[in-house]
Amino acid sequence: MRCKSFRFPLESSAVSFATLLSSLIPDLLLQGSYGRKYGNFVVLDDIFERLCCLFSVVVSFQLADVITAVALYMAVADYNKQVFRKQKYALEADRYPLDCLELIRSPKEMYYIPLKVAMFYLLNPFTILCCVAKSTCGLNNAIIALFILTTIKGSVLLSAIFLSLATYQSIYPLTLCAPALLYLMQRQYIPVNFRRFSFWWFIAQYAFMYLGSLFVLVCLSFFLLGSWDYLPSVYGFILSVPDLTPNIGLFWYFFAEMFEHFRLFFLCVFQINVFFYTIPLSVKLKYVPPPPRSRHQPSRPHYATLPCVCVCVCVCVCVCVCVCVCVCVCVCVCVCVCVCVCVCVCVCVCVCVCVCVCVCVCVFYREHPVFLIFMQLAVISIFKSYPTVGDIALYMAFIPVWNHLHRFLRNIFLVSCVLLACSALFPVLWHLWIYAGSANSNFYYAITLLFNVAQILLVSDYFYAFLRREHHLTYGLYLKRKDGSEATLVLK
Amino acid sequence: MLRQRTHVTSRCGRVMDRRRSSEPRRQDRVTVDNNNMGLLSDPNRRRALLGLLTRLNAPICVVCYMAGVAWFMGLAFEPFTLRTYMSENAMGSTMVEERFPAGERALATGREFAAHKKKTGGMPVDWLVRTMQARGLEVFTQSFSRTLPFPDENKERYMVKGTNVYGILRAPRAPRTEALVLSAPCNPGDENNQAVGLLLGLAQYFRNQIFLAKDVIFLVNEHDLIGMQAWLEGYHHTNTTGMDWSPLQGRGGSIQAALSLELSSDIITSLDLVLEGLNGQLPNLDLANLFYAFCQKIGVLCTIQGKLQRNDWDSVSGYSHAVQTMMLMVMKQASGRPWGDHGLFLRYHIEAATIKGINSFRQYKTDATTIGRLLEGMYRKLNNLLERLHQSYFFYLMPSLSHFVSIGYYMPAFGLLAVILLLRALDLWVQLMTPPPRTEDGVIDIEQSSPGVLSVLTPLVISHLTGVALYMLPVRFQEMAVEHFPVSETEAVVLTAIAVYTAGLALPHNTHRLLAGEGTEQGWRVLKLVAVLYLAVLLGCTALINFSLGFILALTLVPVAAFVTPHVPKVLSAFILVILSPACTLLFSVFFFQELQEMPVSFQDGWVLYLSVISQGILDHVLYGSLVYPLIALLVYPCWLLFWNILFWK
């Protein structure tokens with residue numbers, strides 16, 4: 001797999017600790033692990049050369065992966081306990097319709113989920129590749145996993161500290177603060193209500209802890225380096241995407257092809273993608289409790305959440321299909337590939353932004369912050385500027401947590417086939433392009449595009465399945481029409 | 001506004017009738033046309049499509065297979081192909097006047113070379129160095145040695161030691177950052193003397209010309225590809241195959257293009273162009289175009305795959321001639337071997353081809369001066385290049401020298417075969433997903449519904465281990481085999497390979513012994529789903545790197561993958577499976593290749609040829625890093641074993 005960390009400088013084992021530090025301080029080598037050094041970091045590496053020897057034995061990338069797996073294990077175990085408790089209360093309160101008993105999760109099937117999550121992470125070929133490549137992505141994942149663990153355990157301070165660490169490495173985990181806040185508030189029974197003082201007080205507390213630790217980290221690195229140069233060379237590097245080395249993301253080809261004067265505009269469009277999902281969560285949404293319904297006379301179904309899902313899924317699917325077709329045509333005909341692909345991506349990205357807004361404004365995520373974390377991680381790994389396969393491994397580790405959604409997934413076969421095929425085709429096309437010299441970048445980018453489309457489809461499929469299950473839990477599994485005949489849900 | 005909103009709600013929350021009864025659907029709401037919906041999200045359409053695909057699965061598969069084969073055969077039909085054209089501007093429009101005069105003198109040099117070769121009993125290094133120096137080149141030598149893993153019986157060599165001699169003609173007109181290579185192999189016996197003579201003649205001629213903007217490297221390599229490998233590795237400072245060679249003392253710029261010359265007679269009737277390189281890689285089509293253009297201009301008969309092109313494409317014989325030419329190219333490409341000394345250049349991004357002089361009984365004769373002029377013209381055009389050849393195609397097939405089929409045209413043929421695998425996979429998926437019928441008390445038989453991971457993993461692991469054995473054992477155990485059996489080393493290697501291959505057929509029994517319980521109905525379906533997807537990805541990747549190999553494998557393996565289940569008649573299917581296995585495919589390919597070359601062989605000779613082809617495949621892998629043998633041993637064969645396993649599922 002071409003994750004760019006493959007060209008990581010492997011001169012000595014001593015490098016690993018330098019990498020650790022330089023990734024804890026600035027996320028340099030994750031973003032620029034091609035051996036290029038920016039600014040002062042050559043010096044930085046030299047300073048830590050000696051420390052390296054000391055710690056390189058202790059700290060290794062395998063350890064980071066193990067930490068991630070253990071953290072995920074504990075987090076998911078705790079989360080499952082809560083889910084189960086909540087379900088029990090709901091059952092006792094008779095809140096579920098009778099025919100939904102099939103959807104109720106049994107402790108037997110939930111028992112192995114944490115183990116599955118850990119195994120999914122550790123045995124995922126993407127994780128292994130990332131570890132072999134000694135990419136700092138593994139460290140990043142470890143910190144995010146610790147953040148998830150501390151959040152789910154309900155420790156506000158640690159959660160804020162780990163979030164700030166993750167943000168400090170690469171900016172994108174910033175968006176995870178919304179689900180963390182929601183989760184912690186839910187746990188402490190603080191209503192999400194703008195008019196309440198307790199709500200604002202909690203946000204202020206969390207923001208103080210988060211910004212405070214971020215401030216400390218930033219200042220520490222300033223004192224260590226003696227200049228602010230690292231800010232542009234780390235965060236500027238992430239945000240303004242100067243390095244167009246091919247990777248599995250969407251940025252490089254597009255920005256390599258683009259006219260220079262559009263660069264800023266498209267930079268904003270591309271980067272906004274990652275952050276847009278979280279905006280509506282800060283918008284006050286009116287909470288509509290499910291209407292009371294009698295069990296024996298099924299009322300006309302309400303579809304409060306469905307419009308947005310419909311729009312989202314429709315548009316996503318259309319865009320994806322359109323992109324797929326374009327890609328196929330491009331690859332086959334090999335004519336005007338660049339133009340086609342650019343147009344496709346452009347359309348795709350713009351539509352995605354709209355969809356995100358629409359989805360986020362409408363959908364009531366508030367009840368399910370952990371699902372939101374999953375979605376956010378996926379979105380980050382798809383739309384970040386220098387994605388690696390390690391990012392994908394992190395969110396894919398969560399897939400066993402949602403195995404109760406499998407009956408509602410619709411395109412899982414197609415999507416997993418595409419993901420599999422793309423993962424195999426990446427190295428092949430990379431070889432053809434770089435080593436054999438017979439194919440060109442268009443071939444590789446076509447697969448990148450397809451891979452990302454498949455990821456989007458996967459995420460939107462899970463999203464749809466989640467909402468559909470919630471819907472069924474409220475309105476019953478077997479929907480009836482007015483006249484009592486059986487009915488199907490149609491998304492239109 | 002309000003109305004609109006209700007409209008939207010009704011559109012979203014539309015509830016539709018699921019029953020497939022004859023009564024018309026009652027549509028009490030506004031029907032919204034959903035053109036932009038796509039099949040993926042509309043459950044009714046999905047169901048309809050799925051139903052169609054599962055019901056008509058077998059016929060669709062058969063049609064796809066037929067269509068794929070027909071498409072492929074159609075590729076050779078001239079109206080469906082494109083005429084070749086020069087894409088590279090730098091080589092297109094410039095006029096070149098060729099003035100190479102010294103053909104006779106070159107032949108005399110060749111004779112002198114032959115005499116010295118005979119005297120030294122190998123490569124006359126000193127003479128070559130002196131001669132090249134006399135022609136004003138910077139001359140260097142490189143010695144190399146290599147012990148083959150087992151003796152090569154075709155070329156009768158085991159411990160190879162040799163020397164490459166090369167002379168660099170520095171470009172008078174430009175910074176020396178780029179270079180062109182002209183090489184001629186120094187073969188044992190009486191072969192190729194004229195090529196070396198012509199090479200030296202051209203060196204002398206180029207020395208006095210002022211137009212050169214790129215260095216020209218004149219290389220005489222010993223032990224054909226092994227010497228070439230040593231030289232290229234030395235030139236690029238790489239060592240991929242563990243060969244011993246002395247470092248190069250002099251270098252030119254980065255090599256842009258290379259031609260390898262093979263010429264064994266004073267007068268030839270036609271020139272043959274060889275394009276197929278290592279792992280089926282081809283040079284840029286512009287190189288072939290260049291050769292063709294100059295042959296047309298100078299009036300030399302030119303062939304590809306040894307076949308002249310014909311004008312009667314609309315007649316049956318004309319079409320079959322084109323098919324023959326294309327099939328020869330496909331077979332050569334699929335073998336993954338370098339078919340000339342140029343084959344190893346391609347690995348380093350260097351466009352290269354071999355030009356072979358052929359002397360047959362035709363009336364039309366060409367002398368050495370004309371060939372020299374042709375080469376001069378080609379080098380002058382290559383000299384004009386501003387960047388590497390990249391404008392034209394890298395993926396193509398040639399039914400004749402003036403026509404080609406590009407990747408966009410031949411990929412659908414493969415795609416149609418690959419679709420069969422996807423359809424079968426879809427069918428299996430649907431079968432696996434349909435919930436098993438509930439029993440009276442509503443309890444689902446859990447054992448039926450969830451096949452253990454073990455039952456799928458065991459065959460996968462065991463068949464891959466067999467593959468690893470097939471890959472490792474033949475070379476490792478040759479000594480032991482030679483001790484215990486009355487065979488030579490080469491035979492030992494080949495026969496061990498065949499023995500391991502055959503032993504793999506006993507696999508299902510061993511797998512079942514390891515398995516705890518009985519295999520279930522669902523179990524083989526899951527295994528088959530995995531195997532089919534595996535095969536699809538494998539063939540797809542292979543076809544991208546080496547289309548011919550991928551297509552030939554698809555042609556034989558796809559039917560196997562499509563039809564095999566535990567419920568088909570065992571003996572007949574086992575026979576078909578063996579016939580369509582990779583080893584038998586190779587056997588048929590050997591006979592077919594001989595047929596195509598119009599040199600049919602008896603079964604006995606064919607078998608001997610088959611054995612030597614296997615040993616060559618292993619040697620190519622060890623010596624030059626050809627990927628065909630590991631691909632077959634480590635991936636394709638295990639995949640085929642999975643299907644074998646499914647057939648004997650218990």
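Predicted model: local features only at pLDDT ≥ 70, side-chain atom pairs only at ≥ 80, totals over all residues.
Residues are numbered from 1 along each chain as its sequence is written, while chains are lettered from A and ligands numbered from 1 in the order in which they are written. Helices (H or I, at least four residues) and strands (E, at least two) are DSSP runs numbered from the N terminus. Axes are lines fitted to C-alpha atoms, for helices over the stretch in contact, and angles run from 0 to 180 degrees between N-to-C directions.

E2(B) and strand E13 (residues 403-406) of chain B are joined in the antiparallel sense over two bridges, and B:Arg83 stands opposite B:His403 in E13(B). In general, strands of a sheet pair through backbone hydrogen bonds, either parallel or antiparallel.

Parallel pairing is found elsewhere in chain B. Strand E5 (residues 178-186) of chain B runs parallel to E8(B) and is joined to E8(B) by six bridges; B:Glu178 has B:Ser254 in E8(B) as its bridge partner. E8(B) is also joined by six bridges to strand E11 (residues 351-358) of chain B, again in parallel, with B:Glu262 opposite B:Lys356 in E11(B). Strand E8 (residues 254-262) of chain B is mostly covered, since eight of its nine residues are buried. Buried means under 20% relative accessible area, exposed over 50%, and partly exposed in between (1.4 Å probe, protein chains only).

Taken as a whole, chain B contains 23 helices and 13 strands. Of its 650 residues, 55% are buried. The accessible surface of chain B comes to about 28400 Å², of which 61% belongs to carbon and sulfur atoms; such areas come from the Shrake-Rupley method with a 1.4 Å probe, and for residues only the protein chains shown count as cover. Among contacts (heavy atoms within 4.5 Å) in chain B between residues at least 6 apart in sequence, 80% join residues at least 24 apart.

In chain A, helix H19 (residues 369-383) and helix H20 (residues 389-396) pack at an angle of about 165°, their axes 9 Å apart. The two helices are therefore roughly antiparallel to each other, as angles over 145 degrees count as such. The contact is made by A:Phe374, A:Leu377, A:Ala378 and A:Ser381 of H19(A) and by A:Asp391, A:Ile392, A:Leu394 and A:Tyr395 of H20(A).

Two individual residues of chain A complete the account. A:Thr448 lies in helix H22 (residues 441-475) of chain A and is buried, with a relative accessible area of 0%. Not counting residues up to four places away in sequence, A:Thr448 touches A:Asn247, A:Ile248, A:Gly249, A:Trp252 and A:Phe426. A:Leu158, in helix H10 (residues 156-169) of chain A, counts as partly exposed at 39% relative accessibility. The C-alpha atoms of A:Leu158 and A:Leu181, 23 residues apart along the chain, are separated by 13 Å.

Conventions: Heavy atoms only, no water. Pairing = 2+ DSSP bridges. Parallel < 35°, antiparallel > 145°, perpendicular 65-115°, else oblique.
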